[in-house]
Amino acid sequence: MMQEKREKVHQINGIKIGYTEKKITSYGGFSMLAMFFKKVGLKAALNQIVPIQETSPNAMKAEEKILGFMTMVIAGGRRFSHVLYLGNFEVIKSVFGLRRLPEAGTTLTRYFSKIKNQCEAERLSEGIWRYLSKIIDWKRIKDDWLSFDSTVITRYGEQEGAQKGYNPSKKGRASHHPLLAFLNGSRMVLNIWNRSGNTASKNNIIAFFEASYHRISDLIRIKGVLADSGFYDESFIQSIEAKKLSYIITAKLYSTLQKSIYEHENWTLIEPELWISEINFKHLEWEEAHRYVIVRQSIKERKKALGKQLRLFELETESYRYGVWITNLTDPPIDVWRTIRQRSNDENTIKEFKEDLALSGFSMSQFYATEAAFLIRMMLYNLLLIFRTTFLPESEQTQRISTLRFKYFIIPAQMGRAASGKWLRLSVFSTKLRLKIQAVLKAISLYSIPNSQLHCS
């Protein structure tokens, strides 16, 4: 009878499979992040950043819930229920210096759902930016392009703001359509606003531009504004010009603009089967003419040619694709083209944000709760960006978060005691990786935040 009550022992190739309650984790590499987070005072800052007042004396602190959420995202979680699979919570709590961690997804969804309106979401966003602006080394950036983009996030369910609109990957599906602002060269994410799925790209762009510009105008020299065709709007352009900024914005190929391009004859060959030129053009409803830079590529000879065809003149121009940008720069057309090509940084950042930090995940029924989860991941993205550009070898500073996850963070480790105190022993057999981890830990230990006024604990 006693044997029947025992668990059946399974085997594979003569190896018995059993269980242990030893303090073992799959995420020993989190120790590097925990050390970095302590250096930049993240734990102490979170209680001031998050505008949620807990009434219960037994409630978890903001630092415990937000760091629990962050660790789940870094580990690759895509929904709140994945918090259950972080493994041994005791090790993670000890490493990050926490008393408690959320052990159920509902703990986090209830917490984020306390952000109920735009005012509270803005307070969270401003609190995050005040903190980030103190720990970013602005001397390393000095100047950069302020860049804008939007993305479509498909939703499955009855979430607030999930509406049918432009959705290239899932036509007819409801979505959210957030706005994002970047520093193009340094790849910092400055701002994110959630929006309903049925809004146009340019909806609220002027207010978003003003808010994003205000965040960095006193910190670095802004080279100008980069944006895609969704923001091709005269009012937006006038807002940029009012601040005496340069801009390059992808133009929408309206019929009158297509006609001007079709009739244009003065082209300069800059690469095989690639020509560049410029025109001055004024839309009938716009107040004044603007400069446009145009690139024309042969579809037949350049298989990966980007741009659009002139649909009104498709029979005559079917061999070419065109890229068209409106700008107030006086630089030669080829320099304008080279500058706007840097917008691929933003597309790569959005891709990394979506795929590696689950931007499309963690959706809740309340609109501003979902925005709050966006904002926490925006903060996390920037923290990871600082981490990799400050402490990792130069060859790894542009590697994706997903690559760093498997290289540095998912490392088996065991916590135990010795005469000298507690130890977290990482299971690392590669001498090269050991040396890298030691170098990272040493660099973090010697690191001091750029702004000495920030108090770390």
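Predicted model: local features only at pLDDT ≥ 70, side-chain atom pairs only at ≥ 80, totals over all residues.
Local features need pLDDT of at least 70 and side-chain atom pairs count only at pLDDT 80 or more, while totals for chains, interfaces and linings use all residues. Residues are numbered from 1 along each chain as its sequence is written, and side-chain values use heavy atoms, without hydrogens and water.

The structure holds 19 salt bridges (a side-chain nitrogen of Lys or Arg within 4 Å of a carboxyl oxygen of Asp or Glu). Glu-126 and Arg-215 form one of them, at 3.2 Å from N to O. Glu-126 lies in helix H7 (residues 118–135) and Arg-215 in helix H9 (residues 205–216), so the bridge ties together parts 89 residues apart in sequence. Helices (H or I, at least four residues) and strands (E, at least two) are DSSP runs, numbered from the N terminus. Glu-126 is partly exposed at 34% relative accessibility; Arg-215 is buried at 6%. Buried means under 20% relative accessible area, exposed over 50%, and partly exposed in between (1.4 Å probe, protein chains only).

Asp-143 pairs with Arg-221 in a salt bridge, with the closest N and O atoms 3.3 Å apart. This pair links strand E4 (residues 143–150) to strand E10 (residues 221–227), across 78 residues. A network of salt bridges links Asp-149, Arg-343, Asp-346 and Glu-347.

In helix H16 (residues 401–409), the residues Ile-401, Leu-404, Arg-405, Tyr-408 and Phe-409 are buried. They lie on the same side of H16, because they cover an arc of only 110° around the axis (taken from the directions from the helix axis to the C-beta atoms). These buried residues pack against helices H2, H4, H14, H15 and H17 (contact: heavy atoms within 4.5 Å).
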